[in-house]
Amino acid sequence: MANNFEYLRPTTMGEAVDMKSSHGARAQFWAGGTDMMLQWKAGITDFDYCIDLTYVPDLDQIALDGDQLRIGAMATLDDLDLQSGLHPLTEALGETARMMCTKQTRTLATIGGNLCNASPSADLSPPLAAMGAQARILGPDGERTIPLTEFFTGVRKTALADGEMLTEIVVPDVGGDVAASYNRVARTVVDIALVSSAAFIKLDSSGKITKAGVALGAVAPTVVRVNKAEDLLIGCSLKEAANGVANKAGEHAIATANAITDIRASKEYRTDMTSVLTQRAIGRCVAILEGNG
Amino acid sequence: MYKLNVNGTSYEIDITASESLSDVLRDRLGLLGVKVSCGEGECGSCTVLVDGKPETSCLKLGRQAEGQEITTIEGMGTYDDLHPIQEAYIEEQGFQCGFCTPGFIMATKAFLDSNPNPTEEEASEAMSGNICRCGAHPYIVKSVLKAAEKIRG
Ligand SMILES: Cc1cc2nc3c(=O)[nH]c(=O)nc-3n(C[C@H](O)[C@H](O)[C@H](O)COP(=O)(O)OP(=O)(O)OC[C@H]3O[C@@H](n4cnc5c(N)ncnc54)[C@H](O)[C@@H]3O)c2cc1C
């Protein structure tokens, strides 16, 4: 076990950021602690200051704000599950949350922690990336917003500079007919994803796809979007998407994946499954939008 | 000193920065019904209720629980006056060695508070965050359904 640390308790976002700025890399935020506790005990992470975000108010809201879906960094996976009914996209995120952890760890684990931990197999990254989510970041020099795909820079690496924290995830343009679906294969329900894929579809009033997102998890150091699959889907009807286009999108997923072989699965298996899971995700979006979800 | 509310009593205790809530409950307050098995959030043995929600107390810092309402198995019933969930586990033989039982009972309490009339499938799903090494799961699901019946009256 690593050395003991000093416990800091900010009660505003500004204070949290000040503490992080003044201690730099020697300080780590502590949200639900479901990754932190294990990493600290195993000596994988070592820090002198623990900045507990539990007592910072207003970071745990999940709400629709105009045509934006806003999810606070400290909202828990359990909150996502309980808020499923808010919107078709929270429905998909709630379903994702229920695949993750166990009930009694979902009540601790936060959305911000899942993203900031930046594991290639984190389950929330693909659906949020497919939806075109943005990360709102607060630092000593103020606020900035970046696409979630740019938030991840490598295995366990994010674009957060010293002194910065993630405050919120914003999914823009969620009005109208939208649907999303996330699919993964894992050895057991408490195991991490071996490979995963998410799809997002938005229709215009004539029933054509105007926006599409396809994102893969656990096949590269960060979540990757399959731009060619997205381009294929745009302009299609739901029927076309389901018949043939989903299949081609799956082939693009295979071409985009850069999977590795490890103790859990082979590169070949992971690569093949990206196509299967992408087709399933697109098929599910189509079914939801046709009213058969 | 940190203020903790546990089973309806307020305590002022010294808690070190890295001390887990499960360690605080066991070592400082002597609440040995809080069992720690895997210590990694997977087995559910250390489940307690925090503001009515089930949480694995091994992954939470003791200091993070300040101001929250904590319930452990010791706050559920007594030998002479068992909680209906405890009665149901005894009647349906929802355990063998009993080590995992406090965690299961706390998870059951949280579940039935939110879903008083569950199906067998819902009960089984709700108990999936706890592991019984003796393999009493089918009896545990029966215990949950029996407890629901008792509480509904
Ligand atoms: C039993 C178990 C099962 C699990 N199953 C899954 C699973 O199926 N799928 C999955 O994806 N994950 C799973 N996990 C991993 C874990 O639960 C998630 O990654 C969790 O969402 C992390 O959130 P947290 O609040 O606990 O983060 P913490 O552990 O508190 O923090 C994680 C990291 O994020 C940083 N951080 C946290 N919040 C912020 C912020 N606002 N700004 C900047 N940095 C921040 C911390 O400094 C730390 O580096 C599992 C974990 C356990 C214990």
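Predicted model: local features only at pLDDT ≥ 70, side-chain atom pairs only at ≥ 80, totals over all residues.

Q: Let's start with chain A. At what angle do α10(A) and α11(A) pack?

A: Helix α10 (residues 238–256) of chain A and helix α11 (residues 267–289) of chain A pack at about 155°, and their axes are 8 Å apart. This angle makes α10(A) roughly antiparallel to α11(A), since angles over 145 degrees count as such.

Q: Which residues make that contact?

A: On the α10(A) side there are A:Leu238, A:Ala241, A:Ala242, A:Ala246, A:Asn247, A:Ala249, A:Gly250, A:Glu251, A:Ala253 and A:Ile254. From α11(A) come A:Thr271, A:Asp272, A:Thr274, A:Ser275, A:Thr278, A:Gln279, A:Ile282, A:Val286 and A:Leu289.

Q: And how do they divide by class?

A: The contact of α10(A) with α11(A) has ten nonpolar, seven polar and two charged residues.

Q: Is the crossing left-handed or right-handed?

A: The crossing of α10(A) and α11(A) is right-handed.

Q: Staying in helix α10, what about A:Glu240, is it buried or partly exposed?

A: A:Glu240, which is in helix α10 of chain A, has a relative accessible area of 40% and is therefore partly exposed.

Q: What does its side chain reach?

A: A polar atom of the A:Glu240 side chain lies 2.8 Å from the backbone nitrogen of A:Ser237. Not counting residues up to four places away in sequence, A:Glu240 touches A:Gly235 and A:Val245.

Q: How far is it from A:Lys208?

A: A:Glu240 and A:Lys208 are 9.7 Å apart in space, C-alpha to C-alpha, and 32 residues apart in sequence.

Q: New topic: chain B. How do α2(B) and α3(B) cross?

A: Helix α2 (residues 84–91) of chain B and helix α3 (residues 101–114) of chain B have axes that come within 10 Å and cross at roughly 125°. The two helices are therefore oblique to each other, and their crossing is right-handed.

Q: Who meets whom there?

A: B:Ile85, B:Gln86 and B:Tyr89 in α2(B) meet a group in α3(B): B:Thr101, B:Phe104, B:Ile105, B:Thr108, B:Lys109 and B:Leu112. By class, the contact of α2(B) with α3(B) has five nonpolar residues, three polar and one charged.

Q: What about α3(B) and α5(B), what is the angle there?

A: The axes of α3(B) and helix α5 (residues 137–152) of chain B cross at roughly 45° and come within 11 Å. That makes α3(B) oblique to α5(B). The crossing is right-handed.

Q: Which residues are involved?

A: From α3(B), B:Phe104, B:Thr108, B:Phe111 and B:Leu112 meet B:His137, B:Ile140, B:Val144, B:Ala147, B:Ala148 and B:Ile151 in α5(B). The contact of α3(B) with α5(B) has eight nonpolar residues, two polar and no charged ones. B:Phe104, B:Thr108 and B:Leu112 are also among the α3(B) residues that meet α2(B).

Q: Back to chain A. Where is A:Asp79, and what does it touch?

A: A:Asp79 lies in helix α3 (residues 77–82) of chain A. Leaving aside its neighbours within four places in sequence, A:Asp79 is in contact with A:Asp60, A:Ile62 and B:Lys53.

Q: Buried or exposed?

A: A:Asp79 is buried, because its relative accessible area is 16% and buried means under 20%. A polar atom of the A:Asp79 side chain lies 2.9 Å from the backbone nitrogen of A:Thr76.

Q: And A:Asn183, where is that one?

A: A:Asn183 is in strand β11 (residues 177–186) of chain A. With a relative accessible area of 17%, A:Asn183 is buried.

Q: What surrounds it?

A: Residues touched by A:Asn183 are A:Val195, A:Ser196, A:Ser197, A:Leu277, A:Arg280 and A:Ala281, not counting those up to four places away in sequence. The side chain of A:Asn183 also makes a polar contact with the side chain of A:Ser181, at 3.1 Å.

Q: Last one: what is phi for A:Arg156 and A:Asp173?

A: Phi of A:Arg156 is near 60°, a positive value in a residue other than glycine. For A:Asp173 phi is near 55°, again a positive value in a residue other than glycine.

Q: Where are these two?

A: A:Arg156 is in the loop between β8 (152–154) and β9 (157–158) of chain A, and A:Asp173 is in the loop between β10 (165–171) and β11 of chain A. A:Arg156 is partly exposed, with a relative accessible area of 47%, and A:Asp173 is partly exposed at 27%.

Technical notes: Residues numbered from 1 in each chain as written. Chains lettered and ligands numbered in written order. Heavy atoms only, no water. Axes fitted to C-alpha atoms, helices over the stretch in contact; angles between N-to-C directions. Helix = DSSP H or I, 4+ residues; strand = E, 2+ residues; numbered from the N terminus. Parallel < 35°, antiparallel > 145°, perpendicular 65-115°, else oblique. Left-handed = near helix turned anticlockwise from the far one by under 90°. Contact = heavy atoms within 4.5 Å. Nonpolar A, V, L, I, M, F, W, Y, C, P; charged D, E, K, R; others polar. Buried < 20%, exposed > 50% of the residue type's maximum accessible area, 1.4 Å probe, protein only. Polar contact = N/O pair within 3.5 Å; in protein donor to acceptor, adjacent residues only side chain to side chain.
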